[in-house]
Amino acid sequence: MSHIAFIGIGNMGAPMARNLLKAGHTLAIHDRDVAAAARLAGVNVRVAEGIADAVAGADAVITMLPAGAQVEDAYLGGGGVIGAAAAGTLLVDCSTIDVATARRVAGLATARGLAMLDAPVSGGVAGAEAATLTFMVGGEADAFERGKPILAAMGKAVVHAGGSGNGQAAKICNNLVLGISMIGVCEAFVLAEQLGLEAEKLFEISSKSSGQCWALTSYCPVPGPVPTSPANRDYKPGFTAAMMLKDLRLAGEAAAQARSSSPLGAQAAQVYQLMENAGLGGMDFSGVIKLLRKGE
Ligand code: NAD
């Protein structure tokens, strides 16, 4: 078992850290929100004074932070992970951030002799709680082999996507598909309503036809056909529209840098931006159907 520094004890980080404890690891934790870290204090968990204190003596460091700016701050800032970690420590960033920052931070870690993985996740808070996350991992093969058993304690799938930054690339490409396809499914249900076709009938037919996709059959945006989908609890997240907007913006930035065209991704980002502007950013992203219905 390993001694792990876990930084970022938020909605995702807290349940992920709990699953590491269940697997027998010991933790030193840090969050800039002192109360968030204190909630996890207990047997085999030491609340550290700061990043350098958390990292001292750790075999591995895991970060779960909001975005690239916080990751840069935590790794590169004064008393940050890269300056404080002892040689041989494995660094794993599970946050969803831009590919360029992921590669830059990993390059600076490597220059100091520290192996680093980018390992963003799919599965949301429910997946973090149930230890069923999917990890998409970028980095050197030997670092991946070292990180895999630790990540496996928090997820059902740990996939090596290639070199540094490729985990982030996989994450934004996946969410590009999801963000666009959810809007398509919602448009279809709204049109069906207008045409007098019952939602249950459209679901029964499309789920067996070429319209079949995850947004329809696992996360149906109308109540009824998929009992576990957020539509059945008034679009309580799940995965918020604000999070989807963040990931589509990351995809858009990456597309611009790569000179890759993504016209529907750009349109989808605009639609989730409308949701946020309407005060619905905290709603599950499948609540985009409310924006498309007449009179809602
Ligand atoms: P969150 O805001 O709940 O948690 C982030 C935590 O990091 C907070 O507790 C915050 O205080 C702490 N923090 C911020 N900057 C810090 C710093 N410099 N040093 C130490 N602590 C710092 O966010 P979350 O929902 O847990 O998401 C974390 C990451 O996971 C994000 O990148 C998000 O895109 C990604 N993600 C989230 C979900 C989801 O459903 N919530 C799903 C997949 C991926």
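I shall speak about the ligand site, then the cysteines, and then some parts of the fold.

First, the ground rules. This is a predicted model, in which local features need pLDDT of at least 70, side-chain atom pairs count only at pLDDT 80 or more, and totals for chains, interfaces and linings use all residues. Residues are numbered from 1 along each chain as its sequence is written, and side-chain values use heavy atoms, with hydrogens and water left out.

Let us turn to the ligand. How many residues surround the ligand? There are 25, and the closest are N11, M12, D31, P66 and K246; a residue belongs to this shell if one of its heavy atoms lies within 4 Å of the ligand. By class, the shell divides into 10 nonpolar, 9 polar and 6 charged residues. Here Ala, Val, Leu, Ile, Met, Phe, Trp, Tyr, Cys and Pro count as nonpolar, Asp, Glu, Lys and Arg as charged, and the others, Gly among them, as polar.

A ligand oxygen lies 2.8 Å from a polar backbone atom of M12. For P66, a polar backbone atom is 2.9 Å from an oxygen of the ligand, and for T96 the corresponding distance is also 2.9 Å. On its own the ligand has 840 Å² of accessible area, of which the protein covers 89%; such areas come from the Shrake-Rupley method with a 1.4 Å probe. Helix 4 (68-76), helix 7 (124-130) and helix 12 (241-258) each give two or more residues to the shell. Helices are DSSP runs of H or I with at least four residues, strands are E runs of at least two, and both are numbered from the N terminus.

Next, the cysteines. With a disulfide defined as a pair of cysteine sulfur atoms within 2.5 Å, the count comes to 0. C94 is in no disulfide, the nearest cysteine sulfur being that of C173, 19 Å away. C94 is also buried, at 1% relative accessible area, where buried means under 20% (1.4 Å probe, protein chains only).

Finally, the fold. Strand 1 (residues 3-7) and strand 2 pair in the parallel sense over 5 bridges; pairing requires at least two bridges found by DSSP. F6 stands opposite I29 in strand 2. Because 4 of its 5 residues are buried, strand 2 (residues 26-30) is largely enclosed by the rest of the structure.

Definitions and conventions. Polar contact = N/O pair within 3.5 Å; in protein donor to acceptor, adjacent residues only side chain to side chain. Buried < 20%, exposed > 50% of the residue type's maximum accessible area, 1.4 Å probe, protein only.
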